[in-house]
Amino acid sequence: MCRKIHQESLSHVADDRINLLGLPRTELESFVAERLAAKPFRARQLMKWIYRRGAADFSAMSDLAQDFRAQLATVAKISVPEIVTEQRSSDGTRKWMLRMDQVQGIETVYIPEPDRGTLCISSQVGCAMDCTFCATAQQGFNRNLSVAEIVGQVWLAHRELTAEGMQTRTDGSTYGRTITNIVLMGMGEPLANYRNVVPAMRIFMDDLGYDLSRRRVTLSTSGLVPQIYKLAEECNVALAVSLHAPNDALRNELVPINRKHPIDELLAACWHYLDKQNGRSVTFEYVMLDGINDKPEHARQLARLLRGRPAKLNLIPFNVFPGTRYRRSPAATIVRFRDILNENGVIATIRRTRGDDIDAACGQLAGQVTDRTLVRLGSRLNTVSRSQAEV
Ligand code: SAH
């Protein structure tokens, strides 16, 4: 009887506890000041424990006084998503499916390279942008991820990678597989979840968070122009834009948001972003679809759009997924396309496909999106007038 009452009171307390994962530094400082009457340096200590050391349990935080830890545990928690499955590719790429709540799952991918380790994270459960060549689009859209769910992907990957790959030098310091770059190129449109994506990116760059430089955090967007202008005022990260077509007629078909924000508006927003943020260049992603957008004339049109601009093109061989009507352009076509761009003064590279044997390559992330609200931009734009469609 006593035990039951005790448990009930505990679960009641648990409901009110604030999740410290992903809490911006200033909010964490106010929280420790107001709820725990503690000095700001306590917030800094907590951040180091959570992000650098990967602690999820206050009792492990040995440089905090015992009673402070106990007090913390009554008002706060560090709650991380749960790993449902892990898959490993023969090329070393790893993909985790993470449970976000009772039914929804998202995917996070780690891509090791000799000189870096890139983590590709998701920003939404599903996606509403409805790009015709993307597996995530087929899932429909369910919801935005919270800041904790976005940061939680990095927290988990960091834990998994360090637990396994860590080695100790003779001086006692450790090294191993780590995350040197984060790209928001997983499931979802990050700028459609601006409110949660921006604070998460700040944690990635905070020196008490993951301490990455602004060039090592890349946000990839299908082209939400107003949010690019907003980002230019508020946050400094590397920008990648999914272009995929050199003219509006074709882009309207492949990337439906183009019907709302056509190419000239999108490019103007990109150049504004670079000016404001003192950035070096925008990376334009261009998926190579056999017979659709891969003709020499398309390369020449692209060169006319981007020549003399601070732009790099990243050609992505199309990754197939069940049910798609597209095929990957032949390797020789992709090389020819790149050469035309280079000859016409535009820097273009071909992205090496990674993790496709475990469906972890670009555009193959599908997760588990149930109960989707079926908001799909393409169908909305067809039925709703442009000014009414809000994305
Ligand atoms: N919504 C964001 C980020 C997610 S997609 C965006 O659109 O930029 C990351 C990149 O993979 C985008 O450039 C996307 O267009 C590309 N992509 C999507 N499906 C693909 C596929 N099947 N094969 C290759 N690349 C794909």
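This is a predicted model: local features need pLDDT of at least 70, side-chain atom pairs count only at pLDDT 80 or more; totals for chains, interfaces and linings use all residues.
Trainee: What makes S222 count as buried?
Mentor: Its relative accessible area is 5%. Buried means under 20%, so S222 is buried.

Trainee: Where is S222 found, and what does S222 touch?
Mentor: S222 is in the loop between β12 (217-221) and α8 (225-234). Leaving aside residues up to four places away in sequence, S222 touches M129, E189, S242, R251, V255 and I257.

Trainee: Which residues of helix α11 are buried?
Mentor: In α11 (residues 296-306) they are H298, A299, L302, A303 and L306.

Trainee: How do you know that they line one face of the helix?
Mentor: Look down the axis of α11. The buried residues fall within an arc of 140 degrees, so they line one face.

Trainee: What covers the buried residues of α11?
Mentor: The cover includes helices α9 (248-254), α10 (263-277) and α12 (331-343). Strands β14 (282-288) and β15 (311-317) are also among the covering elements.

Trainee: What follows α11?
Mentor: G308 does, with a positive phi near 80 degrees.

Trainee: Which residues have the most contacts inside the largest nonpolar core?
Mentor: They are L20, F133, M201, F204, F284, L306 and L341, in a core of 118 residues.

Trainee: Why is this core said to lie between domain 1 and domain 2?
Mentor: Domain 1 (17-77) and domain 2 (82-388) both give residues to the core, so it lies between them.

Trainee: What does L341 touch?
Mentor: Not counting residues up to four places away in sequence, L341 touches A299, L302, A303, L313, L315, V346 and A348. A299, L302 and A303 are among the buried residues of α11.

Definitions and conventions
Residues are numbered from 1 along each chain as its sequence is written. Side-chain values use heavy atoms; hydrogens and water are left out. A nonpolar core is a set of buried Ala, Val, Leu, Ile, Met, Phe, Trp, Tyr and Cys residues joined through side-chain atoms within 4.5 Å. Buried means under 20% relative accessible area, exposed over 50%, partly exposed in between (1.4 Å probe, protein chains only). Domain bounds come from an automatic or database domain assignment. Contact means heavy atoms within 4.5 Å. Helices (H or I, at least four residues) and strands (E, at least two) are DSSP runs, numbered from the N terminus. The arc is that of the directions from the helix axis to the C-beta atoms.
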